[in-house]
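Okay, thanks for coming, everyone.

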Amino acid sequence: MSYQAALERAIHTLVQKGQSVTVAKLKAQLDTPVPLPLIIQAVKSAKSNSPFPDMAEAETAPSEAMRIAALEQQVSQLTARLSELEERLSELEVPRKV
């Protein structure tokens, strides 16, 4: 859902309830995170009864499969790095004479 659609829906909900549109009330009505400057801009537009200016679309979150693949790749890289560091450490260790 775009920021604009989310803000319009939240403002519509507040108006239907007969409540004034404020930053706090609008933010409380949102079910997705929206940048504060866009919320303020939407409140100003709602109070002046002017149409919303075009707002940037919400960034789409990566799918769960993409996130899992990225995490698996990161784990693989970290495991390889750990093995390399352990090998270098063992080369540096000198047997101690007691």
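Predicted model: local features only at pLDDT ≥ 70, side-chain atom pairs only at ≥ 80, totals over all residues.

Let me start with how I name things: helices (H or I, at least four residues) and strands (E, at least two) are DSSP runs, numbered from the N terminus. With that in hand, helix α1 is followed by G18, and the phi of G18 is positive, near 80°.

Residues are numbered from 1 along each chain as its sequence is written, and side-chain values use heavy atoms, with hydrogens and water left out.

Now the overview. The protein chain has four helices and zero strands, so reading from the N terminus you get α-α-α-α. Of its 98 residues, 19% count as buried; buried here is under 20% relative accessible area, exposed is over 50%, and partly exposed is in between, with a 1.4 Å probe and protein chains only. The accessible surface comes to about 7800 Å², and 57% of that belongs to carbon and sulfur atoms. Those areas come from the Shrake-Rupley method with a 1.4 Å probe, and for residues, only the protein chains shown count as cover. As for contacts, meaning heavy atoms within 4.5 Å, take those with a separation of 6 or more: residues 24 or more positions apart account for 42% of them.

Back to α1, residues 3-16.

Which residues of α1 are buried? They are Y3, Q4, A6, L7, A10, I11 and L14. They cover an arc of only 165° around the axis, which puts them on the same side of α1; the arc is that of the directions from the helix axis to the C-beta atoms. And what do these buried residues pack against? Against α2, residues 23-29, and α3, residues 36-47.

V15 is also in helix α1, but V15 is exposed, at 52% relative accessible area. V15 and A46 sit 31 residues apart in sequence, with their C-alpha atoms 9.8 Å apart in space.

Next, the core. By nonpolar core I mean a set of buried Ala, Val, Leu, Ile, Met, Phe, Trp, Tyr and Cys residues joined through side-chain atoms within 4.5 Å. The largest one has 14 residues, and those with the most contacts inside it are L7, L26, L30, V34 and I39. Helices α1 and α3 each supply at least two residues of this core, and α1 gives the most, with six.

Leaving out residues up to four places away in sequence, V34 touches Y3, L7 and I39. Take the pair V34 and Y3: 31 residues apart in sequence, 6.3 Å apart in space, C-alpha to C-alpha.

Last topic, charges. How many salt bridges does the structure hold? Three, where a salt bridge is a side-chain nitrogen of Lys or Arg within 4 Å of a carboxyl oxygen of Asp or Glu.

One of them joins D31 and R9, with the closest N and O atoms 2.9 Å apart. D31 is in the loop between α2 and α3 and R9 is in helix α1, so the pair ties together parts that are 22 residues apart in sequence. D31 is exposed, at 57% relative accessible area, whereas R9 counts as partly exposed at 31%.

Then we move to helix α4, residues 64-92, where E84 and R81 lie three residues apart, about one turn of the helix. Their side chains meet in a salt bridge at 3.2 Å, N to O. R88 and E84 are also both in α4, four residues apart, about one turn of the helix, and their salt bridge is 4.0 Å, N to O. Salt bridges that share partners join R81, E84 and R88 into one network. On accessibility, E84 counts as partly exposed at 39%, R81 as partly exposed at 40%, and R88 is partly exposed at 47%.
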